[in-house]
Amino acid sequence: MAGYSLPILGNWLANELGLYSILSSSRDTKLLCLQRFIRLFAYGASTLILALYLSSLHVSDARIGLFMSMTLWGDAVVSFILTLFADGLGRRRTLILGAALMAASGAVFAFSSNYWILVAASIFGVISPSGNEIGPFKAIEESTLSQLSAADRRSDIFAWYNLLGNFGSACGIIICGWLVEWLQTINGWTSVRAYRIVFGIYALLGTVKLALSLLLSNQCEPAPKKQEYQQVTELDDVEIESLLSSDDEDESIEPRPKPRQKPTPPPFPSRKQKLSLLPSISPGSRTILLTLCILFAIDSLGGGLVPASWITYFFTINFSLPEGTLGTLFFTTSIIAALSNLVASSISKRIGLVKTMVFTHLPSAIFLALIPLPGNVSVAMTFLVLRSCTQNMDQAPRQAFLAAAVLPGERTAVMGVVNVVKTLSQSAGPVVTGWLAGTGRFWMAFLVAGGLKAGYDLAMLKMFLGYRSREELEGEERTKGMSRERA
């Protein structure tokens with residue numbers, strides 16, 4: 001019995017964790033997940049030292065906050081433009097362009113110390129002040145993964161997509177932390193010189209990501225819109241006469257039908273239609289998009305108040321933690337957050353996407369608000385670790401929920417708009433936190449952030465509990481139709 005139970009248990013566990021889904025996925029799906037790992041590795045490495053790097057260049061706390069906010073503002077504009085036209089220009093081309101910008105911004109940070117040059121590089125390039133997604137990549141990749149994945153496996157694919165991203169961030173953080181500390185203590189390098197090595201690695205990883213984008217196939221591009229048209233046929237006089245003839249007429253004489261005309265082909269698109277790259281969003285999708293944008297903006301504003309760069313800065317100035325210890329701490333939290341994505345996928349199969357989003361995200365909001373209150377490094381680190389246990393468990397269900405709520409041809413544009421709204425809302429946070437840190441009230445940023453995130457969770461539960469997506473409704477209609485046919 002035990003011999004039989006182990007394979008059964010293994011199969012059940014692999015199915016629950018979505019292992020079969022990711023292993024049987026397409027080559028493009030695996031390449032996109034690998035790109036996310038590399039990109040988040042670079043984001044994690046740079047995020048750990050970004051605020052410290054600016055501080056070592058004698059930039060004030062207020063200007064550090066302004067720097068982060070301007071970075072997010074610039075990213076919102078660039079990302080909005082690229083994702084809006086991504087399906088028209090080509091998703092692969094847009095990903096290649098974004099990777100080139102990422103590599104260029106890393107190179108500028110590795111060689112320049114001028115504040116405004118760094119601001120320009122972060123605005124027009126790709127530098128993440130929060131360690132989370134920035135740039136056009138996420139919306140395009142999510143839309144492509146939704147297209148490449150079946151609806152019943154989409155949540156599993158997104159769970160692994162997020163897991164690999166979080167794992168990449170964790171690896172980047174711990175390697176960066178101990179690399180910087182080793183360069184400073186063993187080789188006697190200055191902090192600025194050590195930080196610039198990290199940004200050089202960042203530029204190299206952007207180049208690797210560019211190479212991986214070149215390997216993607218045409219399957220990643222949006223499916224061509226079907227040109228449906230009415231096939232018009234004509235009946236000749238003999239056919240009409242035959243149809244109108246009475247039953248008592250001689251039926252032995254069969255009318256000779258006239259050959260049917262070929263279907264009238266659709267008209268060629270106009271020059272204006274060819275040049276138009278803007279996607280269209282249906283009224284139903286616009287309604288849900290507006291609602292979600294408002295809710296996501298509240299959550300992102302809370303996240304913008306305490307991005308990872310500010311949290312590492314908080315632990316440094318309050319508890320004097322060295323870079324290696326910081327790297328180990330955030331490596332631990334990132335690994336926990338990565339593994340929690342698989343648990344979220346299993347939970348969503350049982351209680352639904354919306355409940356999973358809310359019930360996993362709410363505890364993390366509470367622990368976030370508690371981080372600065374003890375004034376003790378061990379307790380503060382404990383709250384940070386507890387927050388990480390459920391911090392990212394809402395990501396895969398949220399991505400699957402958004403993908404199912406809109407039409408397939410709208411996903412890239414809709415997800416791009418959502419990410420831009422989130423980035424714009426997030427951008428207001430760092431400058432406020434910079435002002436609070438400069439006036440000795442850093443702790444208030446954590447309290448406000450936790451309150452905003454908890455409010456988002458409760459509003460999400462109230463507005464979308466029991467919501468049925470388009471795919472669910474279409475599936476029910478198909479099932480009813482099949483039942484009627486059998487009856």
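Which residue forms a salt bridge with Arg92, and how far apart are the closest N and O atoms? The first point below takes this up.

1. **A salt bridge across the chain.** Arg92 pairs with Glu221 in a salt bridge, and their closest N and O atoms are 3.0 Å apart. The term has a cut-off: a side-chain nitrogen of Lys or Arg must lie within 4 Å of a carboxyl oxygen of Asp or Glu. As background, side chains of opposite charge can pair when their charged atoms come close. Arg92 belongs to helix 6 (residues 91-111) and Glu221 to the loop between helix 10 and helix 11 (237-244), so this pair ties together parts that are 129 residues apart in sequence. With a relative accessible area of 23%, Arg92 is partly exposed, whereas Glu221 is buried at 17%. Here buried means under 20% relative accessible area, exposed means over 50%, and partly exposed is in between, using a 1.4 Å probe and protein chains only.

2. **What kind of model this is.** Please keep in mind that this is a predicted model, in which local features need pLDDT of at least 70, side-chain atom pairs count only at pLDDT 80 or more, and totals for chains, interfaces and linings use all residues. Residues are numbered from 1 along each chain as its sequence is written, and side-chain values use heavy atoms, with hydrogens and water left out. Helices are also numbered from the N terminus, and each is a DSSP run (H or I) of at least four residues.

3. By the rule in the first point, the count comes to five salt bridges. One of them joins the side chains of Lys453 and Asp299 at 3.1 Å, N to O. This pair links distant parts of the chain, with Lys453 in helix 20 (residues 442-464) and Asp299 in helix 13 (residues 283-305), 154 residues apart. Lys453 and Asp299 are both buried. Another salt bridge brings together the side chains of Arg398 and Asp394, at 3.3 Å from N to O. Arg398 counts as buried at 12% relative accessibility, and Asp394 is buried too, at 2%. Salt bridges that share partners join Asp299, Asp394, Arg398 and Lys453 into one network.

4. **Helix 8 against helix 19.** Two packed helices are described by the angle between their axes and the distance between the axes. For helix 8 (residues 137-148) and helix 19 (residues 411-438), the axes come within 8 Å and cross at roughly 145°. The axes are lines fitted to C-alpha atoms over the stretch in contact, and angles run from 0 to 180 degrees between N-to-C directions. On the helix 8 side, the contact includes Lys138, Ala139, Ile140 and Glu142, which meet a set in helix 19 that includes Arg411, Thr412, Met415 and Gly416. Contact means heavy atoms within 4.5 Å. The residues of this contact divide into three nonpolar, six polar and four charged. In that sorting, Ala, Val, Leu, Ile, Met, Phe, Trp, Tyr, Cys and Pro count as nonpolar, Asp, Glu, Lys and Arg as charged, and the others, Gly among them, as polar.

5. Helix 14 (residues 308-319) has twelve residues and reaches 16 Å from its first C-alpha to its last, close to the 16 Å expected. The expected span is 1.5 Å times one less than the number of residues. Buried residues in helix 14 include Trp310, Ile311, Tyr313, Phe314 and Phe315. Just after helix 14, Ser320 takes a positive phi of about 55°. Ser320 sits in the loop between helix 14 and helix 15 (323-351) and counts as exposed, at 59% relative accessibility.

6. **Another positive phi.** His58 is not a glycine, but has a positive phi of about 65°. You can find His58 in the loop between helix 3 (27-56) and helix 4 (61-84). His58 is exposed, with a relative accessible area of 75%.

7. **Two residues worth a look.** Ser113 is in the loop between helix 6 and helix 7 (115-124) and is partly exposed at 39%. Not counting residues up to four places away in sequence, Ser113 touches Leu57, Leu118 and Arg196. Leu204 is in helix 10 (residues 191-214) and is exposed, with a relative accessible area of 54%. Leu204 and Gly106 are 98 residues apart in sequence, and their C-alpha atoms are 8.1 Å apart in space.

Definitions and conventions:
Helix = DSSP H or I, 4+ residues; strand = E, 2+ residues; numbered from the N terminus.
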